[in-house]
Amino acid sequence: MAALLGLWTGTGAAATTLFGLVDTGELYMSPDQGANWTAVSTLPVHDAVALGAGGSTSELYLASRSGGIYRSTDAGMSWTATGALSASDVADLLVRADLSLLLLTATGGVHRSTDQGANWTALAALTGSDFVSLTQTGANQRLYALTRSGGVYESTDGGSSWTAKGAFTAPDAVELRGVSLTLYALTGSGDIHKSIDAASSWTAVGTLSQVGMTGMTTDGTRLIATTGAGEVTTSADGMSWTWIGVINQLTVTALGTDAPATTGVEPVAAEEALLQLAPPWPNPARAGSGIALSLRLPTAQGLSVDLVDLAGRRVAARLPETLPAGLTTLRWTPKVEKAGLYWLRIRTNGGLSARAKLVLLP
């Protein structure tokens, strides 16, 4: 039985379509967040390892382990070879907000293309070994690379230079994905590790009910993971998981979404000057229960937190306070009894602002 090897993630809002790569040369799609799957087309290779969306939902990029790069402009119905990297150990593909492509190899090579994969430039050679995953976080667009043993590396300059960050102990790490500014890592034995401080420290937050996990992605708000046999499960926080469907194939090698690379990405001229906000947790939350908000300020500033409905009406407010520079986690229980979708809105007296979706359940 062939294993399901890896997943791709996009940034921004939740996509409506998931794609599954099968090493028998087929592409499957799910229009309902992974519950049901149908065959779309035949892939040009049998060793596909990663799929990423470009500037629109119909533009997709495909990478094979042997270095071949392919592009589709019709949502995966047909594919054209655009170029190749001279490598036999491609581990992951990432499409950046500027529509450049990044490839990570198992030996730590980071390569960049600015012409849809036709030509590639070597950016860096990481000092670790056995790399398995490449991802980025939300608006700040920092890059992170993961090794099989749980080592994590960070780049703040688009991949040219890298720094070893905090690590978690694991013999079988398989995937690293970012939801806004929060990083989640998955191991083959089903353990979920989480970091809210740019990979400096990690906390074990959950364990899946099945072993043999092989990949994890995100639709922008939820985590989606899979076993080697293709069972698909989802979580809003990495702690509790719901099994939602099965890809009717045993040789799936990767998942992807049709979320454009530019979705939800804010232009960042100087990252250090931004208010950085991680997704609220838990999310969804029960109406009337407490939530945690992790944020990072560039300087000490006064800050206010509001909860507004979809019409923009404020339904709850937290007392303003002055917070120090750096990472802070706030605890808040909004006095809202009505279930629904809301926006958390954070503003500082220095003119910074950020917002995040919050779903309240009855």
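These notebook entries record what I looked up in the structure.

**Basis.** I worked from a predicted model, in which local features need pLDDT of at least 70, side-chain atom pairs count only at pLDDT 80 or more, and totals for chains, interfaces and linings use all residues. Residues are numbered from 1 along each chain as its sequence is written, and side-chain values use heavy atoms, with hydrogens and water left out.

**Nonpolar cores.** I took a nonpolar core as a set of buried Ala, Val, Leu, Ile, Met, Phe, Trp, Tyr and Cys residues joined through side-chain atoms within 4.5 Å. Buried means under 20% relative accessible area, exposed over 50%, and partly exposed in between (1.4 Å probe, protein chains only). The largest core holds 23 residues, and Leu-295, Leu-303, Val-305, Leu-307 and Leu-344 touch the most other members. At least two residues of this core come from each of strand 27 (291–297), strand 28 (301–308), strand 29 (314–323), strand 30 (326–332), strand 31 (340–348) and strand 32 (353–361). Strands here are DSSP runs (E, at least two residues), numbered from the N terminus. A second, separate core has 14 residues, including Tyr-61, Val-90, Trp-120 and Ala-261.

I then listed the contacts of Leu-307 (heavy atoms within 4.5 Å). Residues up to four places away in sequence not counted, Leu-307 touches, among others, Arg-313, Trp-332, Pro-334, Tyr-342 and Leu-360.

I counted two strands as paired if DSSP finds at least two bridges between them. Strand 18 (residues 191–195) has 4 of its 5 residues buried, so it is largely enclosed by the rest of the structure. Strand 17 (residues 182–187) pairs with strand 18 in the antiparallel sense over 4 bridges, and Leu-183 stands opposite Ser-195. These two strands form a hairpin with 3 residues between them, where Gly-190 in the turn has a positive phi of about 95°. Strand 18 also pairs with strand 19 (residues 203–207), antiparallel over 4 bridges; Ile-192 has Gly-206 as its bridge partner.

**Backbone exceptions.** Most residues other than glycine have a negative phi, and most peptide bonds are trans. I noted Ser-180, with phi near 55°, in the loop between strand 16 (173–179) and strand 17; Ser-180 is partly exposed at 30% relative accessible area. Ala-198 has a positive phi of about 60° and lies in the loop between strand 18 and strand 19, but is buried at 13%.

I also found a cis peptide bond joining Trp-281 and Pro-282, with omega about -5°. The bond from Asn-283 to Pro-284 is cis as well, with omega near 10°. Pro-282 sits in the loop between strand 25 (276–277) and strand 26 (285–286), and Pro-284 is in the loop between strand 25 and strand 26.
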